[in-house]
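Here's a quick briefing to read with the model open in your viewer.

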Amino acid sequence: MNTWPRPLWIAHRGGGAAAPENTLAAIRTGAAAGFRMVEFDVMLSRDGVPLLIHDETLERTTDGAGLVCEHDSAALQRLDAGSWHGPAFAGERLPALEQALDLLLALDLDANIEIKPARGFEQATGETAARLIAARWPAERRPPLLSSFDFPALDAARRVAPQLPRGLLFEEVPEDWRAQMQAHDAISLHCDHSRLSADRLRDIVAAGVPLLCYTVNDAARAEALIAAGVRGLFTDRLDLLT
Ligand code: G3P
Ligand code: MG
């Protein structure tokens, strides 16, 4: 049974494979497909504005070039972040976190906001994103779940907004996951399902810790993880939603 107070299915990078990742169009696409929760990645521009993007470099998902952290937000937001996916999304912009938060609120969506700091900007990214979310999110709404592979970034978020829940993001959950959760005051574990052993999964579920798995694009694997007690599935396959 899914007792986690958040939705089980999470649209990865906003709208999975159905839209250009980490855009407002992606979040709208995820919501239109029936998802009640989305995940997206947040990084800082040179002038310290948190924006939605996965890579430290611009080439894969925009028509820009170079490092995200070497450009100001105004220039980044003039880039085309949609054409790489297809002509239907031409001109889609790289959104600021603030715009994404407004859209989440308008669509009444839950979210996992992954703090994705560029190297050297770990603390600044965690602090800036958490401050903005805390300032903008209404007290009566369940706050977004923060996560990161970068624990100093999560610790920085915790210092400025301890009320925002945090999850530890791993490729493979290590043996000392309990101690690490305690050290960083985290409420959930997020990991790559393909590197999750049956024993580790069982221990985490038995401990009552919400376990969220990325990126689950296979229906049979999803069913097995749900049956085993996994509480969140990040997917690129919007058609898997049941
Ligand atoms: O947060 C889950 C998942 O998004 C982590 O991997 O590389 O897609 O951000 P990545
Ligand atoms: Mg991510």
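H1 and H3 cross at roughly 20°, and since angles under 35 degrees count as roughly parallel, the two helices are roughly parallel to each other. Keep in mind that this is a predicted model.

**H1 and H3**

- The axes of H1 and H3 come within 10 Å, and their crossing is right-handed.
- On the H1 side, the contact is made by Leu-24, Ile-27, Arg-28 and Ala-31, while H3 brings in Gln-99, Ala-100, Leu-103, Leu-104 and Leu-107.
- Sorted by class, this contact of H1 with H3 has seven nonpolar residues, one polar and one charged.

**What sits around H1**

- H1 covers residues 24–32, and its buried residues are Leu-24, Ala-25, Ala-26, Ile-27, Gly-30 and Ala-31.
- What covers those buried residues?
- After H1 comes Gly-34, with a positive phi near 105°.
- In the loop between E1 and H1 you'll find Asn-22, which has a positive phi near 55° despite not being a glycine.
- Asn-22 counts as buried because its relative accessibility is 2%, against a cut-off of under 20%.

- Most residues other than glycine have a negative phi.
- Asp-108 is another residue other than glycine with a positive phi, again near 55°.
- Look for Asp-108 in the loop between H3 and strand E4 (110–115).
- Is Asp-108 buried or partly exposed? With a relative accessible area of 46%, Asp-108 is partly exposed.

**H4 and H5**

- Two packed helices are described by the angle between their axes and the distance between the axes.
- For helix H4 (residues 122–136) and helix H5 (residues 151–160), the angle is about 40° and the axes are 7 Å apart.
- That angle makes H4 and H5 oblique to each other, and their crossing is right-handed.
- From H4, the residues in the contact are Glu-122, Gln-123, Gly-126, Glu-127, Ala-130 and Arg-131; from H5, they are Ala-153, Ala-156, Ala-157, Arg-159 and Val-160.
- By class, the contact of H4 with H5 splits into five nonpolar, two polar and four charged residues.

- Strand E1 (residues 9–11) runs parallel to E9, and three bridges join them.
- Within that pairing, Leu-233 of E9 has Trp-9 opposite.
- E9 also pairs in the parallel sense with strand E8 (residues 211–214), this time over two bridges.
- Here the bridge partner of Gly-232 in E9 is Leu-212.

- Strand E6 (residues 166–170) is largely enclosed by the rest of the structure, because five of its five residues are buried.
- Both faces of E6 are covered, with Arg-166, Leu-168 and Phe-170 on one side and Gly-167 and Leu-169 on the other.
- E6 runs parallel to strand E5 (residues 145–148), and three bridges join the two.
- To see how they line up, find Ser-148, which stands opposite Leu-168 of E6.

**Trp-177 in H6**

- Trp-177 lies in helix H6, which takes in residues 177–184.
- Why does Trp-177 count as buried? Its relative accessibility is 2%, and buried means under 20%.
- Leaving out residues up to four places away in sequence, Trp-177 touches Leu-189, Arg-200, Asp-203, Ile-204, Ala-207 and Val-209.
- For a distance check, Trp-177 and Ala-157 are 20 residues apart in sequence and 20 Å apart in space, taken C-alpha to C-alpha.
- Ala-157 is also one of the H5 residues that meet H4.

Key. Residues are numbered from 1 along each chain as its sequence is written. Chains are lettered from A and ligands numbered from 1 in the order in which they are written. This is a predicted model: local features need pLDDT of at least 70, side-chain atom pairs count only at pLDDT 80 or more; totals for chains, interfaces and linings use all residues. Side-chain values use heavy atoms; hydrogens and water are left out. Axes are lines fitted to C-alpha atoms, for helices over the stretch in contact, and angles run from 0 to 180 degrees between N-to-C directions. Helices (H or I, at least four residues) and strands (E, at least two) are DSSP runs, numbered from the N terminus. Angles under 35 degrees count as roughly parallel, over 145 as roughly antiparallel, 65 to 115 as roughly perpendicular and the rest as oblique. A crossing is left-handed if the near helix is turned anticlockwise from the far one by less than a right angle, and right-handed if clockwise. Contact means heavy atoms within 4.5 Å. Ala, Val, Leu, Ile, Met, Phe, Trp, Tyr, Cys and Pro count as nonpolar, Asp, Glu, Lys and Arg as charged, and the others, Gly among them, as polar. Two strands pair if DSSP finds at least two bridges between them. Buried means under 20% relative accessible area, exposed over 50%, partly exposed in between (1.4 Å probe, protein chains only).
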